[in-house]
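Open the structure in your viewer and keep the selection tool at hand. This tour tells you what to select at each stop.

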Amino acid sequence: MMNDLNTLRSAVHGRVWLPDDPGFDAVRRPWNLAVEQPAAAVVEAAGADDVAALVRFARAEGLGIATQPNGHGATGRTGGTVLLRTARLDSVRIDAAARRARVGAGVPSRRLQAAAAPHGLTGLPGSSPIVSVAGVALGGGLSWFGRAHGWVADGVIAFDVVDARGRQRHITAETDPDLFWALRGGGGDFAIVTALELALHPAPRLYGGRVLWEAGHAPDVLDAYREITAAAPDGLTVWFDLLHFPGADPMVAIDATHLGDAEEARDLLAPLDRLPRPLSDSRRMMEVSELGGITAEPTEPGPGLSRAELLTGLDDTAAKALLAESIAPLLSVQLRHLGGAFARPSDTPHGPLTEPYALYLFGVPADPATARAVAGKQRGLAEALPASGRKPLTFLNPGETAADAFSPAALSRLRRIKQHHDPHNTFHGNFPVGG
């Protein structure tokens, strides 16, 4: 096998790492350093032609391919595969008149936002500016502006892909309805996306930021959050955070964005002004390219354990359970308000997202004992709250499967599409639809 893999260097123009090469262990690592990610080789594609050449090589050698721009969402299900890095597929083209963007598979959210902003337009960015647009769309995608515009995947107009035969194809709802449907949120099991076209949205004014209080004010902050979200228009998105960082006192925060002006946003967020004086308040008019600064998520890899749930409500009983005790050893407990366009019809594998809140629990497994404590805390909180039992694909953790995200009917359709388009299982998504 090693002799066969050595021929990869002549098959592609991009860089190739094999297990005996210096730096191999570093380049095969995923973003989450708590996940062990084996690989037979790592290829950094120089372009779509490289991707096609790699697929033809892998098919001839009986190898699988796991595609990652930078390793977000990795589950470690990569044994015996070639790990494909797509960061160099980084072109961005904005058609302001048509309100469309064409982005390469390796383009991070911040680059799309920076390119769209001068035109008064925006994509649908999530909380992190460094996650790839393609990766988010393939998983459905929860955005700051999803209440106004739905899933990130809802806005995808076309995909450029390499299929399991090594052919470069342009996929739309007209050219291949089944594959187009699967790619809009079903994961990376069906083809390798090299670029995608997506709708942009007007964003002439944006207000947002974080308000931070001491943790002792959490009950009042949560009451205000529930009041705000009960009447929030679709252009307003508000998240509630319990935070406990190492070496710091526990805190509680409200993160918000509003597609509109400051005066209107202040009126909608007025319950926050009745709370005790905050430790800080960063809310202001901002550019869409600045969104990543609101939650200031890490921009370098690190270890983590996460768990997510979709909640059917946030009544007094749920609020009491959420605040019953310290979140330690977790670093953060986040509630995201959903609803709005998320709950409307969606021709995607996940379909409409009817649960009004998403819960995201995160901790760092510093050692085995801490890892067990983090998992136990996550399990206890999840069981105490009204979870629906399903969750978005991009929020799954490595121990979960596609069956945790999709309905039985949707999963059955995804499996049929997989069998038709990739019968030899060349493509290995983070969460294979087969299990």
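**Before you start**

This is a predicted model, in which local features need pLDDT of at least 70 and side-chain atom pairs count only at pLDDT 80 or more, while totals for chains, interfaces and linings use all residues. Residues are numbered from 1 along each chain as its sequence is written, and side-chain values use heavy atoms, with hydrogens and water left out.

Helices (H or I, at least four residues) and strands (E, at least two) are DSSP runs, numbered from the N terminus. Two strands pair if DSSP finds at least two bridges between them.

**Stop 1: the four-stranded sheet**

Select β1, β2, β4 and β3. These four strands form an open sheet in the order β1-β2-β4-β3, with mixed pairing. The edges are β1 and β3 (64-68), each of which pairs on one side only. Ignoring direction, neighbouring strands here are turned by 20 degrees against each other on average. Axes are lines fitted to C-alpha atoms, for helices over the stretch in contact, and angles run from 0 to 180 degrees between N-to-C directions.

Now walk across the sheet. Strand β1 (residues 15-17) pairs with strand β2 (residues 41-44) in the antiparallel sense, over three bridges. Pick Arg15: its bridge partner in β2 is Glu44. Next, β2 and strand β4 (residues 81-85) run parallel, joined by four bridges. Here Ala41 stands opposite Val82 in β4. Finally, β3 and β4 run parallel and share five bridges. Click Gly64 and find Thr81 of β4 opposite.

**Stop 2: the five-stranded sheet**

Move on to β5, β6, β10, β8 and β9. Five strands form an open sheet in the order β5-β6-β10-β8-β9, and the pairing is antiparallel. Its edge strands are β5 (92-95) and β9 (168-171), each pairing on one side only. From one strand to the next, the twist averages 15 degrees.

Zoom in on β6 (residues 100-104) and β10 (residues 192-199). They pair in the antiparallel sense over five bridges. Arg102 stands opposite Glu197 in β10.

**Stop 3: the helix across the sheet**

Select residues 109-116. This is helix α5, which lies across β5, β6 and β10 and runs at about 35 degrees to β5.

Which residues of α5 are buried? They are Ser109, Leu112, Gln113 and Ala116. They share one side of α5, because they cover an arc of only 100 degrees around the axis. The arc is that of the directions from the helix axis to the C-beta atoms. An α-helix has 3.6 residues a turn, so residues three or four places apart point the same way. Buried means under 20% relative accessible area, exposed over 50%, and partly exposed in between (1.4 Å probe, protein chains only).

The buried residues of α5 pack against β5, β6, β7 (121-122), α6 (133-138) and β10. Contact means heavy atoms within 4.5 Å.

**Stop 4: the aromatic pairs**

Show the aromatic side chains. The structure holds six aromatic pairs. Rings of Phe, Tyr and Trp (its six-membered ring) pair if their centres lie within 6.5 Å; planes under 30 degrees apart count as stacked, over 60 as edge-to-face and the rest as tilted.

Select Trp144 and Trp239. Their ring centres are 3.7 Å apart and their planes at 10 degrees, so the pair is stacked. Trp144 is in the loop between α6 and α7 (146-149), Trp239 is in strand β13 (residues 236-243), and the two are 95 residues apart. Trp144 is buried, at a relative accessible area of 0%. Trp239 is buried too, at 2%.

Next, select Trp151 and Phe342. Their ring centres are 6.1 Å apart and their planes at 80 degrees, so this pair is edge-to-face. Trp151 is buried at 1%, and Phe342 at 2%.

**Stop 5: charges over rings**

Return to Trp239 and show Arg336. Arg336 lies over the face of Trp239, at 4.0 Å from the ring centre. A charge sits over a ring if NZ of Lys or CZ of Arg is within 6 Å of the ring centre and within 35 degrees of the ring normal.

End at Trp181. The charged end of Arg413 sits over this ring, 3.9 Å from its centre.
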